[in-house]
Amino acid sequence: MTKQQNMKIPVKNKHDDFLIDYLLEKKFLVSGELGAALTEKFGVSEVYARKIIERSVGKELIRSSMPMTFSKGQYAYFPIQEKMTLDTIKRIAKQYRPPLYRLIEGLLQNSGILSYYEAVKITGTPAKRSNSKAEYLADLLEVLRTNNFIYQAADSNNVNYILLISAQEMARNIETLI
């Protein structure tokens, strides 16, 4: 048996075809909207729609933002050709997670550097945890840090800064990992 014969080729069905075409048209959607589209088109239950989406991701026919969530803890889904770049996150966040969008936009407009205090103001998020349900700056930073888009540093006066990792820095980081 050759290597090509041994490889599993995902079996597509009408649901997979619909998801692929729908996401190519829409560019990205959160799970609730994508599930609703499946329910409307095929009359499936919400639970089954979620399972269909999960299976399509497993077959690598569509891409998920997992572990990053948007809009009420939902994952975003997009075509398999799309990579999880800062621009992709920014486009999704603009619609589904505005504080994250404002943080990314603030970094891009300020040459990739924001003080922690500026970031708090731009995002409109509390710096410290409290009993409210508001999103926190630390959560937004963690999303970007986990995906290696930012790092934090402090100057000699202990002012904390958020710095966007440039493409050159990302390439150097990758080279040191190889």
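This is a predicted model: local features need pLDDT of at least 70, side-chain atom pairs count only at pLDDT 80 or more; totals for chains, interfaces and linings use all residues.
**Exercise 1.** In which loop is the place of arginine 97, and is this residue buried or exposed?

*Solution.* Residues are numbered from 1 along each chain as its sequence is written, and side-chain values use heavy atoms, with hydrogens and water left out.

Arginine 97 is placed in the loop between α5 (86-96) and α6 (98-109), where helices (H or I, at least four residues) and strands (E, at least two) are DSSP runs numbered from the N terminus. Its relative accessibility is 10%, so arginine 97 counts as buried (buried means under 20% relative accessible area, exposed over 50%, partly exposed in between, with a 1.4 Å probe and protein chains only).

**Exercise 2.** Determine which residues arginine 97 touches, and then examine threonine 69.

*Solution.* With residues up to four places away in sequence not counted, arginine 97 touches Thr69, Phe70, Ile92, Glu135, Asp139, Leu140 and Val143, a contact being heavy atoms within 4.5 Å. For threonine 69, the backbone oxygen lies 2.8 Å from a polar atom of the side chain of arginine 97. The C-alpha atom of threonine 69 is also separated by 9.9 Å from that of serine 31, which is 38 residues away along the chain.

**Exercise 3.** Describe the surroundings of serine 31.

*Solution.* Serine 31 belongs to helix α3 (residues 31-42). Because its relative accessible area is 18%, serine 31 is classed as buried. Leaving aside residues up to four places away in sequence, serine 31 touches Ile53, Gln74, Tyr75 and Tyr77.

**Exercise 4.** In what order do the three strands of the open sheet run, and which helix packs on the sheet?

*Solution.* The order is β4-β6-β5, with antiparallel pairing (two strands pair if DSSP finds at least two bridges between them). The edge strands, each pairing on one side only, are β4 (113-115) and β5 (150-154). On average, neighbouring strands of this sheet are turned by 25° against each other, direction ignored (axes are lines fitted to C-alpha atoms, for helices over the stretch in contact, and angles run from 0 to 180 degrees between N-to-C directions). Five bridges join β5 and strand β6 (residues 160-164) in the antiparallel sense, and tyrosine 151 stands opposite leucine 163 in β6. Helix α7 (residues 116-123) packs on the sheet, where it touches β4, β5 and β6, and its direction makes about 90° with that of β4.

Terms used. A polar contact is a pair of N or O atoms within 3.5 Å; within protein, one must be able to donate a hydrogen and the other to accept it, and residues adjacent in sequence count only if both atoms are side-chain atoms.
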